[in-house]
Protein chains: 2
Amino acid sequence: MLKNMKKKWLFTPGPTPIPPEALLAMAQPIDYHRSEDTVALIKDVLEKLKHVFQTENDVLFLTSSGTGGMEGAVANLLSRGDKVIVIRSGKFGERWGDICTAFGVEIIPIDVTYGNSVDPQAVETLLVEHPDVKAVYATLCETSTGVLHDIEALARLTRVRPTLLIVDAVSGLGADDLQMDNWGVDVVVSCAQKGLMTPPGLSIVALNQRAWEAVERSDLPKYYFDFRKAYETGLQGSVPYTPAVTLLTALQCALNRICEEGIRRTIARHSRLAAATRSAVKALGLSLFAVSPANTVTSIRLPEAVDGKAFINLMLGEYGITYAGGQSQLSGKIVRIAHLGWMNENDVIVAISAFERGLVEIGCDIPLGAGVTAAQEVFRVLKY
Amino acid sequence: MLKNMKKKWLFTPGPTPIPPEALLAMAQPIDYHRSEDTVALIKDVLEKLKHVFQTENDVLFLTSSGTGGMEGAVANLLSRGDKVIVIRSGKFGERWGDICTAFGVEIIPIDVTYGNSVDPQAVETLLVEHPDVKAVYATLCETSTGVLHDIEALARLTRVRPTLLIVDAVSGLGADDLQMDNWGVDVVVSCAQKGLMTPPGLSIVALNQRAWEAVERSDLPKYYFDFRKAYETGLQGSVPYTPAVTLLTALQCALNRICEEGIRRTIARHSRLAAATRSAVKALGLSLFAVSPANTVTSIRLPEAVDGKAFINLMLGEYGITYAGGQSQLSGKIVRIAHLGWMNENDVIVAISAFERGLVEIGCDIPLGAGVTAAQEVFRVLKY
């Protein structure tokens, strides 16, 4: 394809496409972060985020990538020598463990085979064995494998114990259901550049009352990611340190869309896009990598003969399409197609049809058109 | 003024105005942070930053406000129980002390009266008394008072000792001279939203060889702000965690301007704007708050009768002009006018003329027009 006619399509699980009014909001002259307008902006954003988090708890934000919020959810909630359970089923579960270790927290890992989600029974066994664990660190959607974990089941275990449930919903928020209050999740960490359709640079965290009590007891060192300071200033529409004002204006635009759609419907939309993608993959004779696939991203096992990296490069170079490849030991073996954020049926059709053409081009024997047909069928049957 | 004809002018020491092409770059569809284009973007930005830092050392960046870089310059360089000298002459020097304390580092403070800069002799005395201090934490421009510290003199003391000199150049970089290599400064921390004319959300740090050796010895906990990881991935045009891609595209535009102007000339431009502003203040019969004023921002002592907060609000409400007021104990007592980043003579004339009209409006007896005339005279004499 001639470069000047190439139209870029981003199907990565973050950053995700930004709605046009959010892009244009960022092109406005910047405002002072202590102005009345910015105070109103921060208050509005924090209020609307509660709807997305499905919580009545106040939400706080930090100027950082999602990992900054994850670090905060360790440094603010634990003390030196504390023991925690960490569910590791991919790169992001492992990150919880790495952060805990960096801060001198003892971890009891549950290692889950990549592609699988954790068995809540295994977590319960550990909780019974180690009644002194302070927290369970879990992941809603393990972005590296496309797996959805059963957070509701985990919350049933922790909410009857003094143990906190701390969930990385960085990629999953707004795509996979996470009912913070109804289920009794203690801490939810997310960020802007996934389901929230905003450029990267903002991390968002919600804590319930139990979690705030743990914050009071915590003695791990923290400064920039101090939740208490972010929370207290946030209530006033303020911040302890200069925030990414530009990104907040974009986030406000994106939240306006989600709040108008309504979070339950937002999740239903993602569920439908994911169902169509999975149906297409099967119709092409390929298999899903995740046993319990998330709405966020679909990970597809590539045929052995296919060089995954070459395929990803072909799609970008010739089709203008960015899929995500596999990470670490999955590199070259899977392709991940996100249907996340500012997306609807038409985006998914583009993702699937290009996927088909690309596979045929590299010599795969797949039935051209079968994926798109299967997806269309899902769209016909499943109403949004 | 009717709101729909109000044109906003931002004279705060961060965020500062963004050049138009940088604003429009942010309105482009977002790119994947692992794409070839983003790899090239990161490499280009890091290379151009070296010019601004006046260093041959590699530079690293973090997605955070400047305070995140400051935390990193504590957590990456020190170990538990280390002793450091902290120069406190305002809110930002105090922040160095607060971060050190949060991380269990013992501080030996030098408290300087607000409005004054540190006496290098006092630092030398402490260095002789405490030969085991690991670092001196200093500030180039103390934004809260408008004071410039003599970093060159401090570097003369530290470079002949094993003690590191770690400088907060968050607001000063690109406006006040800081010759990292020539002077022998070990660590420089800055950020995007000041002299670099980019929206907030990026922190930038440069370390010399001595500093990297200290990083190897450091045992304080860090994860998100791990300098080693940011540095090593940065060399490959990559990042450990999703960066604020949008802000990087804006930073690239801004750096193109600075590199074309040349950092020495960029500093000369700021020096000239600051000289004109100071001359105007004196011509109006007012006095400067800073004994050694910075090029970054001019802090002006308000007449006793003036309610500083009311004045700031009047300027914003009626003139569309945002000046910064005083912080903490200086609240209501000083006005700070930044001449920082994407600014030239015409901006300064607007800042001064509106300042004059506002003062007259609240009943101050100042010679209307005298400030602008004095500034024009400086512009006539001082060539850029």
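The paragraphs below proceed from the relation of the chains to their contact, then to helix packing and finally to the backbone.

The model is a predicted one. In general, two copies of a chain are related by a rotation about an axis and a shift along it. Here, chain B is superposed on chain A by a rotation of 180° with 0.0 Å of shift along its axis, and the RMSD is 0.0 Å. This is therefore the relation of a two-fold axis. Within chain B, B:Ser64 has the C-alpha nearest the axis, at 2.4 Å from it.

The contact between the chains may be considered next. Chain B contributes 49 residues to it, and chain A contributes 49 residues. Of the interface residues of chain B, 100% are also interface residues in chain A, so the copies meet through the same surface. The size of an interface is often given as the accessible area lost when the parts come together. Between chain B and chain A the buried area is about 3900 Å², and carbon and sulfur atoms give 66% of it. Three residues, B:Ile30, B:Tyr32 and B:Tyr223, supply 17% of the area that chain B buries against chain A, which is more than any other three residues.

Within chain B, two helix pairs illustrate the packing. Helix H2 (residues 36-52) of chain B packs against helix H10 (residues 245-261) of chain B at an angle of about 40°, the axes being 9 Å apart. Angles under 35 degrees would count as roughly parallel; because of its angle, H2(B) is instead oblique to H10(B). The crossing in which H2(B) passes H10(B) is left-handed. On the side of H2(B), the residues in contact include B:Leu41, B:Val45 and B:Leu49, and on the side of H10(B) they include B:Leu248, B:Leu255 and B:Cys259. By class, the residues of this contact of H2(B) with H10(B) are 11 nonpolar, 5 polar and 2 charged.

The second pair joins helix H11 (residues 263-283) of chain B to helix H14 (residues 370-381) of chain B, whose axes come within 7 Å and cross at roughly 145°. The crossing of H11(B) and H14(B) is right-handed. Among the residues that meet are B:Ala275, B:Ala276, B:Ala280 and B:Ala283 in H11(B), and B:Gly371, B:Ala374 and B:Ala375 in H14(B). The contact of H11(B) with H14(B) comprises 10 nonpolar, 2 polar and 1 charged residues.

Most residues other than glycine have a negative phi, and most peptide bonds are trans. In chain A, a cis peptide bond joins A:Gly14 and A:Pro15, with omega about -10°. A:Pro15 is located in the loop between strand E1 (9-10) and helix H1 (20-26) of chain A. In chain B, B:Gly14 and B:Pro15 are likewise joined by a cis peptide bond, with omega about -10°, and B:Pro15 lies in the loop between strand E1 (9-10) and helix H1 (20-26) of chain B. B:Gln54, a residue other than glycine, has a positive phi, near 50°. The loop that holds B:Gln54 runs between H2 and strand E2 (59-63) of chain B.

Notes:
Residues numbered from 1 in each chain as written. Chains lettered and ligands numbered in written order. Predicted model: local features only at pLDDT ≥ 70, side-chain atom pairs only at ≥ 80, totals over all residues. Heavy atoms only, no water. Axes fitted to C-alpha atoms, helices over the stretch in contact; angles between N-to-C directions. Helix = DSSP H or I, 4+ residues; strand = E, 2+ residues; numbered from the N terminus. Parallel < 35°, antiparallel > 145°, perpendicular 65-115°, else oblique. Left-handed = near helix turned anticlockwise from the far one by under 90°. Contact = heavy atoms within 4.5 Å. Nonpolar A, V, L, I, M, F, W, Y, C, P; charged D, E, K, R; others polar. Least-squares fit on C-alpha atoms with pLDDT ≥ 70 in both. Buried area = accessible area lost by both parts, 1.4 Å probe.
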